[in-house]
Each structure stands twice: as C-alpha cells, then as structure tokens.
Number of protein chains: 4
Amino acid sequence: MATKEEVAAFIAAEFPQTKCAVRAVGNAGSTVVHEVGLGELRPGGTVSGPVLMAVADVALYVAILGEIGIVPLTVTTSLSVNFLRKPVAGKSIVGVCKLMKLGKSLAVGEVALYSEGTKEPVAHAVGTYSIPPH
Amino acid sequence: MATKEEVAAFIAAEFPQTKCAVRAVGNAGSTVVHEVGLGELRPGGTVSGPVLMAVADVALYVAILGEIGIVPLTVTTSLSVNFLRKPVAGKSIVGVCKLMKLGKSLAVGEVALYSEGTKEPVAHAVGTYSIPPH
Amino acid sequence: MATKEEVAAFIAAEFPQTKCAVRAVGNAGSTVVHEVGLGELRPGGTVSGPVLMAVADVALYVAILGEIGIVPLTVTTSLSVNFLRKPVAGKSIVGVCKLMKLGKSLAVGEVALYSEGTKEPVAHAVGTYSIPPH
Amino acid sequence: MATKEEVAAFIAAEFPQTKCAVRAVGNAGSTVVHEVGLGELRPGGTVSGPVLMAVADVALYVAILGEIGIVPLTVTTSLSVNFLRKPVAGKSIVGVCKLMKLGKSLAVGEVALYSEGTKEPVAHAVGTYSIPPH
C-alpha cells in the first residue's frame, strides 16, 4: 500500500504535465482534483471531454497505487466514459474513484466526476487496469 | 457538409490548445494526426491514455462536422477506448474514424488509433455524439 | 411514475419470455432478480454473460419506467458490462440499478449485479436508454 | 487453431441452449447467425438487446477459439454494445467478428451485427476475453 503523500510525490515526479492533484487515497478509492483554465474549455464553455477522461484515468491509477503500492507499469487497458451534464466552466473537476475489483493482474473501478461543489456528476467512467507482476 | 479546410480552420480557431491536425475528412470518416512530445509520455515510454482518447474524440468530431457542417455545439455523450498495444514513443498518433450511424440528433463512430506508419492499431475507440438542432 | 406492481405487470405482459422478476422500483433505481437454471450456465459452471447483460438491461428499463411511467418504446442505446467475478452457479442473479441521469429523451444508469446473498458484485453495467416523446 | 466444424461441434455440445449457428471461422474472425422468433422480440417489434449481445458474445468466442483451439474456460471480461438501428423483426441476426488483438492471455475484438441481408449494421459491439493458460 502507498500513502497519499507517496502517491502524490510519484504522480508529481513521473507526470509533471498533469494538473491533477491527489486529495485522498485509501479504502480502495481515491479523490483527485483538476483545476480548469482556458486550455480545458471547448465551444459552449464546456470542459473538454479529454480533460474529464484524464481525471478519471488519474483517479483510477491513484486508487490502485494506494492499494498495491507504487507499481509504475500498471497501465490502463480500457476506459469508458458517459458524459452526463455540462460542467460548470469556472470550477475544478473532482474525480471520486471506487475500485470494484482488485485482482493480482487486473483492477476495475468506477469514477464519478463532479464540478467542484455540485451534487450531480458531470460524467461517469469505468476503467480497467493491467497490473504487472510486482 | 464541410471541407477539410473548413473543419481544420474551425478546429484551429476554437481549440487552439489541441495538437491534432486534420489530415482527411469525408465519406463519413476522417483521419487526424497528433504529434507526440515529452508531454504525452508516461512511465515506460508509452503515450498516455488521455492523449489517445483526445485523438479519438477529435477524429469523431471532425468526421461528424465533415458530414453535417460546422455545428459547434455537437458534443460527445460517450467515449469508450480499448488500449491494445504499446504506442511507439517517438511517433505521431494517427486516428482513423468511420461513422457507423449519423442520425439527426445522434452520431456513432469508431476510431482506430495507430502509431504513424505501423499496421496494428494501438487502441480502438467507439464514441457517441449528440447533435443539436441545426 | 409507475409503481412496482404496474411495472411488473407490464414486464410480465410484454416480455413473457424473461425470467426477471421485479423486486423493487423507485428513487431513481430498481432491484430485479433472475433465477438461474441449467439454461443459464456455461462451461465452468459460470452463469453466461448474456444472462447477466439481460438482467442489467431489465433493471435499467424497470428503473426508468418507475420514474417516467409505462413508455414501452423506451429503448436501450448502449450497454457496457464488466465481468468481475465468477457467479455462484446455484444462486439467482440480483441486479441493483441506480439512474445517474434522467433527461427528457435520454437516461443513463448503472447496475451492480450480484449472486443472491453475496457482497461483492459479479459484474457491473452502464447503460443508456433513449426515451421517446411521451 | 480449430476448424469451423470443431468450433460448431463444441458450441452445440457445451451451449445446447444457444440458437447461434457458426457460419464461418478463420483469419482472426467469425460469422455467426441467430434465428429470430417470438422469444427474441420486444415491444415495437424490435429484436431484444440481450439477443444482440448474446450473438456478439458468441461471435467473439467463436473467432477466438478458431485461432487458439478449443479452450473452454476462455471467458468474457467485458462487452460493450451500441444499438444503431431497429433490427428487421422477421430476419435472422448475423454477427461478423474481427479480432483486433490476440495476446497470450487477452483477446479484444469487434462485432458488427446485421439483420440478415441488410447493409447497415443494427448494432456494434466490442468485447474482451480472458484466455487461461493452455
């Protein structure tokens, strides 16, 4: 297992380009947050889909590393996202991940994505990760 | 319908942050290409999943606009990606989209994603878009 | 809105071939149960994937009808299932649905599928439904 | 590898309840066909979604067995279906599968589903299978 600090340090070192910050890790889950600037918007003032997908991907990765420790070559094998509501343009995106299965070589989890401070999710993702021998 | 030049100009104006270039549009399909720099890599030298998803998203959007003309508020309602092979670190990602359905208010298409010049896809995506009245 | 009895009567009348029984409806959700006999098993004693998908599909349909009333031409537009664990061969499959979005023309929900009496889901589904004008 | 006759005999012996017949196997693909009777219809005269999903599942299974031989414990790990058009009520459903990846322990493929004799697919599926050591 890895603590929030260990996972956050790993993400910062290995993914310096990500804008995702780790807010919580543990109990087969995670919460990550992504600030939204002009670069994340698309016509209509919506946060772009790929930003939401990136938040979901990081949330899953963080949740898994929180359980198995820092295993960098853990990789996404599938990610499926439904976009539900228009995100609020000026608010951060928060991803809340819950792992549904954590096997030796495969993990499956879901992520609810919110505009910070709102109750109804803007998107919902399900992803699978392949875990290398470790 | 919109030509390759019209779609490319629209993408450049409205999504200045994207690195996707439009290579072909028409016949219910599209080809887009995304250069790969250090910002797109993750541990192990793999192109990050969100970059592949962003290419798939743009390829679908471009293919739809090529058919219906520039309707900016056309938005992704779902995107599902399977990651199949490790992309080649130094090569651009090419997305080849084929629409499977183009209804009045809903479009569905698939995108095969390749490392430029290779034959086997690195990922495969299926996406749905909602088209507003136009 | 429709009560559990109304939805159950509708399902029994219109889908006489289904083995799904409605256990609960309401609060943007549903619980349905499907007995498992020899016809539902596949090599290895596993309940077949299509049976699990059918339970997910019915659970979503029931949850939506519970909210919008009996609108028969409400149809599935997508269904995505992850199979997580081997179901117990002799136990019924229970599907617990929660709607994530219920718009005028589109509903999105998720379904956790269990072998009756067990805690960890055997599968997880996400589906979208198109709702006709009503 | 297994021939069409070997796969068909295996399916008939192990899945006596399926109505899917194997029409072709090989070249990392398959074609299967499913007759449509009253049991497969739902309100509006549409073939039910679970029937289409079952055809997709069998088509994938058949295509994989055609490549790796009869490995019964090969199991579906995910299946994702988009429903595109209303199937023709009186016509068989034909599933045409193409494998996109066939690894040692994981296979990924897509299936286009048609009403027999029509050109536009009624649905499109993507599935992943886990292959046990063999």
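Contact means heavy atoms within 4.5 Å. By that rule, chain A and chain D do not touch, and their nearest C-alpha atoms are 9 Å apart. Chain B and chain C have no contact either, with their closest C-alpha atoms 9 Å apart.

This is a predicted model: local features need pLDDT of at least 70, side-chain atom pairs count only at pLDDT 80 or more, and totals for chains, interfaces and linings use all residues. Residues are numbered from 1 along each chain as its sequence is written, chains are lettered from A in the order in which they are written, and side-chain values use heavy atoms, leaving out hydrogens and water.

Chain A does meet chain C. Here 11 residues of chain A are in contact with 11 residues of chain C. The two chains bury about 1,100 Å² between them, 56% of it on carbon and sulfur atoms. Buried area is the accessible area (1.4 Å probe) that two parts lose on being put together, summed over both. In chain A, the residues A:Asn82, A:Leu84 and A:Met100 lose the most area to chain C, together 44% of what that side buries.

What links the chains? The rule finds four residue pairs in polar contact across the interface of chain A and chain C, both residues at pLDDT 80 or more. A polar contact is a pair of N or O atoms within 3.5 Å; within protein, one must be able to donate a hydrogen and the other to accept it, and residues adjacent in sequence count only if both atoms are side-chain atoms.

Strands (E, at least two residues) are DSSP runs, numbered from the N terminus.

S8(A) gives the most, with three residues.

Methods. Helix = DSSP H or I, 4+ residues; strand = E, 2+ residues; numbered from the N terminus.
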